[in-house]
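Q: I am new to this structure and would like to learn how to read its features. Please take them one at a time.

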Amino acid sequence: MNSPSLSMHTTPFKQPDKRAIALVDVKNFYVSCECVFNPKLRNRPVVVLSNNDGCVISRSAEAKALGIAMGAPWFQIRKFLEQENVFVLSSNYALYADMSSRLMSILRRFSPVQEVYSIDESFLDLTGFTHVDLTEYALTLRQTVLQGTDLPVSVGIGKSKTLAKMASHCAKQDTAFNGVCNFNAMTEVDVDACLREISVASVWGIGRGLAKHMQDEDFMQKRPIHTAYDLKMSNPAVMRKKFSVVMEKTVRELNGTTCLELEQIRGPHQQILSTRSFGQTVRDLQTLQEAVTLLTTRAGEKLRQRQMFAGSVYVYIRTSPFRDSKQQYDNGLSIPLHTPTNSTMRLVEAAFKALRQIYRPGYDYMKAGVSLGELATAQAQQQDMFDTSSTPDKSVRLMQTIDSINQKMGRATIKLASEGVQKHKQAVIKQHWRMKQEMMSPRYTTHWDELLKVN
């Protein structure tokens with residue numbers, strides 16, 4: 001992208017008292033996390049694969065230059081990657097989650113208002129920072145993140161969240177910005193020049209599907225929209241009529257009107273979902289119970305982290321949709337709980353009850369899922385005077401102790417026996433239902449046995 005020279009139209013330093021929202025985004029997050037602990041990966045083509053090593057979900061710049069598409073199936077491009085000496089890794093979610101937590105903790109220092117948008121993106125409200133040059137402030141932020149995590153980030157600043165997104169896009173695509181694009185320090189002429197270089201499909205919330213309709217001359221009545229600038233110049237009322245109120249807000253946001261506020265506190269979760277595709281097909285009930293135990297355990301951990309209780313447990317199982325249609329089966333069942341709980345033992349007990357009712361022998365199951373519903377806080381939950389389960393306080397203390405040990409010593413240090421045993425007489429027995437991660441790097445920051453060793 002050929003951006004305008006910042007020296008030509010930038011205003012002299014006098015930060016106006018106007019809305020300023022920054023979007024901080026890590027470049028190629030999964031790959032960047034891997035490079036932190038393995039510097040040999042830098043400046044070479046690297047891809048990270050999805051669950052069960054299915055398809056490409058993160059690419060280094062060098063891998064993108066080879067034409068490797070996002071979402072490309074691993075089995076289809078395996079030979080090509082080997083020929084091009086592309087380094088392939090399985091997803092290391094424990095590492096990525098921990099690095100994300102460290103990143104967000106650093107960003108919190110730079111603004112009292114932060115919205116964590118995704119694992120690698122965060123909005124910061126810089127409105128009112130009138131005594132600092134926001135471009136220099138963002139450069140300091142980048143350097144601080146680099147020193148604290150070794151992750152490369154770009155920063156986009158604009159009057160709205162959508163403009164901040166577009167500025168971040170420019171910061172990543174054009175090296176002239178040095179990782180920081182501040183639309184608030186540019187004239188409207190220069191901002192529009194940047195927006196003309198951005199495809200409408202790249203605008204936040206648009207995507208390829210809507211972009212096709214916008215580029216259709218008949219649908220748009222001879223006024224097709226190809227770029228972010230075209231969308232900015234469109235009539236908000238007309239776009240609302242043709243598409244939705246969300247589209248109208250996008251147009252207004254591109255024009256500098258804030259329609260989407262930062263969400264400091266998200267609304268209560270309606271459910272917690274934990275799913276997994278198996279490394280190999282599963283037939284027997286006991287093996288399915290092992291998988292469901294793991295999924296329920298993960299959901300229970302999230303439930304306690306949010307200090308909530310579940311009133312129901314839903315379990316579903318299914319075969320592969322790509323197999324013979326005569327051998328296909330899927331089913332699910334919800335089990336209500338007499339008293340809301342966040343005890344893993346009680347949740348697993350309910351999950352097993354559902355699983356036993358929906359399980360049918362003779363099928364090759366490929367995926368299972370557990371969903372915790374009817375969530376409520378401790379203050380909002382209603383107790384059952386007829387509940388004969390163990391004392392709630394005792395159960396809470398037990399879960400707190402288990403969570404504390406697992407957090408310090410590594411996940412699954414203590415687990416339910418129904419999850420299955422992987423070690424027997426010093427020999428590792430692989431549970432074939434577990435996710436394929438044959439090329440996963442060590443969990444450097446979350447497992448004692450996998451800490452980085454320096455000779």
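Q: Is Gln-221 buried or exposed?

A: Some conventions come before the answer. This is a predicted model, in which local features need pLDDT of at least 70 and side-chain atom pairs count only at pLDDT 80 or more, while totals for chains, interfaces and linings use all residues. Residues are numbered from 1 along each chain as its sequence is written, and side-chain values use heavy atoms, with hydrogens and water left out. Buried means under 20% relative accessible area, exposed over 50%, and partly exposed in between (1.4 Å probe, protein chains only). Gln-221 has 60% relative accessibility and therefore counts as exposed. Gln-221 sits in the loop between α9 (207-214) and α10 (228-232); helices (H or I, at least four residues) and strands (E, at least two) are DSSP runs, numbered from the N terminus. The phi of Gln-221 is near 55 degrees, a positive value in a residue other than glycine.

Q: What is phi of Asn-28 near, and why does Asn-28 count as buried or exposed?

A: Phi of Asn-28 is near 45 degrees, a positive value in a residue other than glycine. Asn-28 counts as buried because its relative accessibility is 17%. The loop that holds Asn-28 lies between β1 (21-26) and α2.

Q: In what order do the five strands of the open sheet stand?

A: Strands of a sheet pair through backbone hydrogen bonds, either parallel or antiparallel. Here two strands pair if DSSP finds at least two bridges between them. The five strands form an open sheet in the order β5-β6-β1-β7-β8, with mixed pairing. β5 (114-118) and β8 are at the edges with a single partner strand each, so one side of each has no neighbour in the sheet. On average, neighbouring strands of this sheet are turned by 15 degrees against each other, direction ignored. Angles run from 0 to 180 degrees between N-to-C directions, and axes are lines fitted to C-alpha atoms, for helices over the stretch in contact.

Q: How many bridges pair β1 with β6, and which helix packs on the sheet?

A: Five bridges pair β1 with β6 (residues 121-125) in the antiparallel sense. Within that pair, Ala-22 stands opposite Leu-124 in β6. Helix α6 (residues 134-149) packs on the sheet and touches β1, β6, β7 (153-158) and β8; the direction of α6 makes about 155 degrees with that of β7. Contact means heavy atoms within 4.5 Å.

Q: In what order do the three strands of the other open sheet stand?

A: The order is β3-β2-β4, and the pairing is mixed. Its edge strands, β3 (56-59) and β4 (87-90), each pair on one side only. The twist averages 30 degrees from one strand to the next. β2 (residues 46-49) and β3 run antiparallel and are joined by three bridges; Val-48 has Ser-58 of β3 as its bridge partner. Helix α2 (residues 29-37) lies across β2, β3 and β4, at about 60 degrees to β3.

Q: How do the axes of α13 and α14 cross?

A: Two packed helices are described by the angle between their axes and the distance between the axes. The axes of α13 (residues 285-305) and α14 (residues 344-358) come within 9 Å and cross at roughly 140 degrees. The two helices are therefore oblique to each other (angles under 35 degrees count as roughly parallel, over 145 as roughly antiparallel, 65 to 115 as roughly perpendicular and the rest as oblique). The contact includes Leu-285 and Leu-288 of α13 and Leu-347 and Phe-352 of α14.
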